[in-house]
Amino acid sequence: MFARLGALVVRRPWLTIGIWVVIVIAVALSAPKLTATTDQSAFLPSHYESIQALKLQEKAFPNTEAPAAIVVFERTDGAPLTDADAASVAAVANRLGDAHIKDVTGIQAVPPSGNRLIQIASVQMTKITSQADTRQTDAVKSLRTELQAGMSGTDLKAGITGQAAQSLDAQQSSTKGLAIIGIATVVLILVLLLIIFRSPVIALLPIIVIGAVSSVADGLIAMVSKVFDLKIDNSISSILVVVLFGVGTDYILFLMFRFRERLRAGEDPKTAMINAVARVGEAIMSAAGAVIIAFMALTLSTLGLFRAMGPALAIAVAVALVAGLTLVPAIVSLLGTKIFWPSKAWQRQPQGSRFAAVGGALGRRPALFAVVSGGLLIVLGLFAFGFNPTFDLTSGSTSNASESVVYNKELLKGMPAGVTQPSDVLLQGSAPLDPAALQTYRAALSGVHGVGQVAEPLLSQDKTVADFRVTLDSAPESDAALATVRGPLRDAVHAAAPPGTTAVVGGLTSIFVDFQAAMNRDYSIVFPVAAILIMIVLALLLRSLVAPWYLMASVFLGFAATLGASVLVFQRLQHETGLIFTLPVIMYLFVVALGTDYNILMVARLREEARDGNEPKQAAALAVRHTGPTIAAAGVILAGTFASMMLAGNTVLSQMGFAISVGIAIAAFVMAMFFTPALTALIGHRAWWPGHGDARRDPEPEPAVVGRQ
């Protein structure tokens with residue numbers, strides 16, 4: 001099949017390129033704009049308590065919301081606020097109100113904090129209606145401009161934090177981070193390919209090809225998201241750039257290394273490209289299939305975040321796959337050996353190759369290589385038991401130097417940590433609620449450990465619903481806040497509810513509690529399903545029931561080692577409280593799926609060497625010799641492209657970038673390079689049971705030459 005595909009593309013390169021041009025233009029003209037959301041509640045199903053509370057709150061109090069933003073005031077010298085300072089704060093708040101800033105519906109200054117270090121003004125804004133609604137973030141921009149103008153002549157400094165300000169800073173950080181990631185990814189690919197092939201032409205090939213087809217991926221993702229109402233998170237855009245360029249470059253490398261190998265065997269360029277597609281096409285297709293299946297397994301998640309991420313990344317990989325097996329061979333068939341210009345190294349078989357030496361050593365002592373590489377994975381994997389998830393997606397996706405983060409920390413000098421995102425306890429009855437019962441209920445809530453203060457209840461118009469705004473002692477995304485809401489607060493809310501009423505806990509912390517419950521459910525569903533489906537792909541590719549088991553075992557060890565390395569760096573060495581809660585799922589899919597890519601490439605070549613009559617140990621040695629350079633180059637490029645996410649300047653992308661890049665490096669340089677071929681050599685012919693995948697086969701007849709250059 002792949003030989004026919006290669007021949008078709010090579011014989012009709014201009015037709016292939018023309019079809020791609022038409023597809024790019026058609027998708028660009030017809031696709032809607034891809035938009036993202038930072039609303040964490042948009043990712044949860046409706047049966048969770050936090051979402052039930054949100055819906056009840058919207059129904060009972062349609063015109064009442066928590067402040068969209070908070071203006072934080074303090075003295076420039078850090079001293080307590082004087083009465084004159086408090087008067088200045090009130091004057092600034094009045095001035096902001098008199099400015100009639102669009103979509104700002106009210107500004108109210110409150111008295112200074114108990115220690116008088118902080119004073120705040122709450123800002124009400126027009127409620128946003130969709131993830132593309134920018135009215136609140138636009139209002140924050142205007143507020144910040146007016147605020148700084150109003151601070152002149154005072155001894156105060158001020159900044160704006162709260163949900164709307166954090167959303168604005170997250171968007172700006174995401175835009176800046178996306179630009180940095182894109183530039184770093186392109187530069188890294190160019191530099192590494194120049195080093196590997198010594199040719200600017202081949203270095204530019206992935207940039208041009210993937211850059212051209214990326215609009216197809218974005219357009220298809222936007223179409224699917226609109227049709228199925230998928231909620232796209234801000235971080236997906238950054239991941240998409242890396243996946244497209246990283247995975248796409250990998251597939252191009254797999255093809256180009258085999259193309260160069262066939263040229264060195266004496267074939268003309270067109271025949272060499274047909275043979276390259278024929279020999280490596282199945283491995284590339286299987287590798288991409290494993291990645292796509294792993295990503296699509298995310299559709300089983302209860303979280304909209306992952307249900308959207310799965311299809312989005314699967315589409316990106318599918319586009320990279322099709323381009324790698326059609327568009328790239330068409331372009332290379334037109335350029336021929338000029339693709340390597342000005343280098344002539346493609347004409348010579350390298351002598352004294354490092355990978356030949358490594359392969360020879362592995363072939364002689366596979367047990368030693370298996371023990372050392374497996375031992376390294378196990379040691380790193382032990383640190384994974386210390387993993388602690390953190391749920392701060394909003395500030396975690398924002399630079400620590402951004403105004404919302406800085407003044408959120410300043411706010412803690414005088415206010416309870418939960419003041420920026422208070423929890424809401426909603427009490428509902430079938431008849432108007434008794435005022436005395438409401439006060440008794442408020443007292444019960446106030447006595448809960450971890451609760452800082454409980455405001456007077458706000459009653460709905462028909463007095464059947466009461467909203468108690470609860471400020472926690474801890475930051476809303478902290479472990480302590482989650483523990484308070486999950487345990488004593490929800491317990492007290494349900495137990496102390498007056499007879500004939502029901503009560504639910506809402507707010508951001510409650511949403512995070514439900515996120516954690518949903519994640520635990522997803523771990524037990526998504527992980528096994530993805531593993532089983534990938535094993536099926538491996539079994540079909542290798543025609544074996546044995547090899548998929550130890551290949552997946554090696555990938556599991558790689559996953560554990562990657563999580564352990566992340567815990568070691570961020571929690572142990574940098575003393576952070578935890579890693580973003582989405583990391584295990586994202587890391588599992590990338591490390592499992594992309595790690596399987598390299599395993600597939602190595603084992604497919606190992607089987608090819610065995611079919612040429614080599615015994616298991618010699619086949620492993622030759623596989624490392626011939627495929628090692630490809631995997632090493634692909635691993636460095638893909639790990640490097642994901643590592644570029646660490647330059648984005650926020651915690652979410654930094655942790656993702658580190659974990660995925662380390663995972664890919666482990667997959668390439670430990671699993672695929674050493675552990676997998678060493679195990680295969682030790683297991684021998686039994687690795688291919690019940691088939692005979694390694695049985696010697698007569699050489700296939702060479703295809704007819706279709707032309708020479």
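Tutor: A residue is called buried when its relative accessible area is under 20%, exposed when it is over 50%, and partly exposed in between, with a 1.4 Å probe and protein chains only. The model is predicted, so local features need pLDDT of at least 70 and side-chain atom pairs count only at pLDDT 80 or more, while totals for chains, interfaces and linings use all residues. Residues are numbered from 1 along each chain as its sequence is written, and side-chain values use heavy atoms, leaving out hydrogens and water.

Arg490 counts as buried because its relative accessibility is 10%. Apart from neighbours within four places in sequence, Arg490 is in contact (heavy atoms within 4.5 Å) with Glu49, Ser50, Thr484, Val485, Val505, Ser510, Val513 and Asp514.

Strand E10 (residues 501–506) is mostly covered, with five of its six residues buried. E10 pairs with strand E6 (residues 423–429) in the antiparallel sense over six bridges, where pairing requires that DSSP finds at least two bridges between the strands. Across this pairing, Leu427 stands opposite Ala503 of E10.

The aromatic residues come next. Across the whole structure, a search finds 11 aromatic pairs; rings of Phe, Tyr and Trp (its six-membered ring) pair if their centres lie within 6.5 Å, and planes under 30 degrees apart count as stacked, over 60 as edge-to-face and the rest as tilted. The rings of Tyr441 and Phe468 form an edge-to-face pair because their planes stand at 70°, with centres 5.4 Å apart. Since Tyr441 belongs to helix H15 (residues 435–446) and Phe468 to strand E9 (residues 465–472), this pair ties together parts 27 residues apart in sequence. Tyr441 and Phe468 are both buried. By contrast, the planes of Phe512 and Phe515 make 45° and their ring centres are 6.3 Å apart, so that pair is tilted. Both Phe512 and Phe515 lie in helix H17 (residues 508–542), three residues apart, or about one turn of the helix. Phe512 is buried at 1% relative accessibility, as is Phe515 at 0%. Elsewhere, Phe197, Phe257, Phe259 and Phe340 form one aromatic cluster.

An open sheet is made by four strands in the order E2-E3-E1-E4, with antiparallel pairing. Strand E2 (104–109) and strand E4 (156–161) are at its edges with a single partner strand each, so one side of each has no neighbour in the sheet. On average, neighbouring strands are turned by 20° against each other, direction ignored; axes are lines fitted to C-alpha atoms, for helices over the stretch in contact, and angles run from 0 to 180 degrees between N-to-C directions. Strand E1 (residues 69–75) runs antiparallel to E4 and is joined to it by six bridges. Within that pairing, Phe73 has Ala158 of E4 as its bridge partner.

Two helices pack on this sheet. Helix H5 (residues 135–150) touches E1, E2, strand E3 (119–125) and E4, and its direction makes about 180° with that of E4. Helix H14 (residues 403–411) touches E1, E3 and E4, at about 115° to the direction of E4.
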